[in-house]
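Here are my notes on this entry. Please read them with the structure open.

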Amino acid sequence: MAIDVIGLTAERAAALLRGRACTAEELAQAYLDRIAAVDGEIHSYLHVDPERTLAAAREQDAAGVDGLAGVPIAYKDLLSTRGVPTTAGSRILKGFVPIEDADVVRWGNEAGLVSLGKTNLDEFAMGSSTEHSAYGPTRNPWDPTRVPGGSSGGSAAVVAAGCAPWALGTDTGGSIRQPAAFCGLVGLMPTYGSVSRFGVVAFACSLEQVGPMTLTVRDAALLQQVIARDTDRDATCTGPRAPIEVPEPGRLDGITFGVPRVELEAGVEEGVRARFDESLAIAESLGARLVDVDLPYARHGLAAYYVIAPAEASANLSRFDGVRYGLRVDAPDVRAMYEATRDAGFGAEVKRRIMIGTYALSAGYHDAYYVQAQRVRTLIRRDFDAAFGDVDAILLPTAPSVAFPIGARLDDPLAMYANDIFTLPVNLAGIPALSVPNGLSEGLPTGLQIIGPAHSENLLLRLGAAFEAEHAFDPVPPGLRSAA
Amino acid sequence: MSDVELTPDEVRHVAALARLGLDDAEVERLGRELTSILGHVNTIAQLPIADVPPTTHANPHGDALRPDAARPGAPRAEALANAPDPAPEGFRVPPIGA
């Protein structure tokens, strides 16, 4: 049969496979055809290996197993894949072929998911636009002159463009939620410590998590079921973890949402604000109560984040030294080799962050910058803890703007960083948040961010499903709707 | 700490700590950019919060520890497979201090 993969959810794809409407090989081929047709323009994949993908699909057909087996997926190229190049979007890892799968990839394989390839990202996940990839920017399927967001911009674009039914991303300061919002998708950042990061190229270990990027809230729940598992290969992956339930939309009677009104006054685009206010009205119409909450230290999140994340990055990226893997630039002595290799291998944004982090950790500045930022982090966590004493979840726009034009913020790092102002306090607090489509502003998607206390994923998914049903948002960009 | 302005020598010092070989144009550009970014970061420097304990990570459950038992590591050939200059039993590097 001819399979129309545009707008095809993973849940529906699994139903097609289970109903024998198509084989896993036919489904994989349909996505590969779609990638061949449109990814030249979108540039969302860094690595596609059709033979490997089709062989994996045939294996699933032969096994004839149930569940999600045979459903394709795309992986952010920050996730190690055994035998498949993994670049982290950096020149310094060009040609690197991991010898192990990331835990989340291994579990995807165990569930029978068929990898379509590796998706583009800001180098080492440092960015909010995917423009900082050493392999060129990804374009937003809603408007190819605009960014898809970042750092998981490739994972967002593949799903929005119908080049994968769903994808995994990572989120250190908003890198799942903001690209999901910019591309009209659902993105879940799970509670810190609930998903293994074994095999994830490290950027900022105290902040980052792996999570799903999908067309629907139900798909996000299904993929979270695959990746939220115990491991003995990530010491931070611990604590209680409720089984993930696939939600049904419903009313919100008895739910109290907190709305941080003060935060909203700072620089939110008019259209984004209007869509957000409409969602507040939807919440009330479904029976929820809205109350103001105050997060006085969250407004210092940007400053704290841009000490803590670069400090951790400067330490993590010291492993790229031209010795064990990746690029080496030859020089007469080892120190000169390190310096030449890292100068040639890292891009401008990565160097910026390494420099900020090294400065903040250096003698004489450590207490004033790093420890002070960690104190602010404590206060941000306390703000959220206090709020969750009164409310079930907090609502904010995912990003203060819609997708911006390619190039618009490249020369102004602070303007780029400010796009994460509503997402990064959540990483600092280590709590989960879900971004769901929230309607269009000037023809471009906006996102509603639902933030909950630690391990509230099931609540967030249920709330997200309620908003999703009311919005009845079509996640297929208009330009792609006729392409079928 | 309210006004930070990084001089080219300070930028070179930090770059040396980070083992980044920067050219003069990068030193000039990073001096400007870091001055601007640190200027923003300094908005938290004056907060009177010296008595607040720092948070290093957000997981209240502590680390998960597995049994301290020997397990096989990567085979040597695999561990060396990605090396830019592998030796038969290790990684070859240029001399330390030429």
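How many bridges join strand β5 of chain A to strand β10 of chain A, and do they run parallel or antiparallel?

1. Strand β5 (residues 186-189) and strand β10 (residues 433-441) of chain A are joined by 3 bridges and run antiparallel. Within β10(A), A:Ala433 is the bridge partner of A:Met189. Pairing requires at least two DSSP bridges between two strands. Strands (E, at least two residues) and helices (H or I, at least four) are DSSP runs, numbered from the N terminus.

2. This is a predicted model: local features need pLDDT of at least 70, side-chain atom pairs count only at pLDDT 80 or more, and totals for chains, interfaces and linings use all residues. Residues are numbered from 1 along each chain as its sequence is written, with chains lettered from A and ligands numbered from 1 in the order in which they are written.

3. Chain A has an open sheet of 11 strands with mixed pairing, in the order β1-β3-β2-β4-β6-β5-β10-β11-β9-β7-β8. β1 (45-47) and β8 (289-292) of chain A are at the edges; each has a single partner strand, so one side of each lacks a neighbour in the sheet. From one strand to the next, the twist averages 35°.

4. On the interface, 49 residues of chain B are in contact with 57 residues of chain A (C-beta atoms, placed from the backbone, within 7 Å). On the chain B side, α1 (8-17) and α2 (24-41) each supply at least two residues. α2(B) gives the most, with 7 residues.

Note on methods:
Axes fitted to C-alpha atoms, helices over the stretch in contact; angles between N-to-C directions. Contact = placed C-beta atoms within 7 Å.
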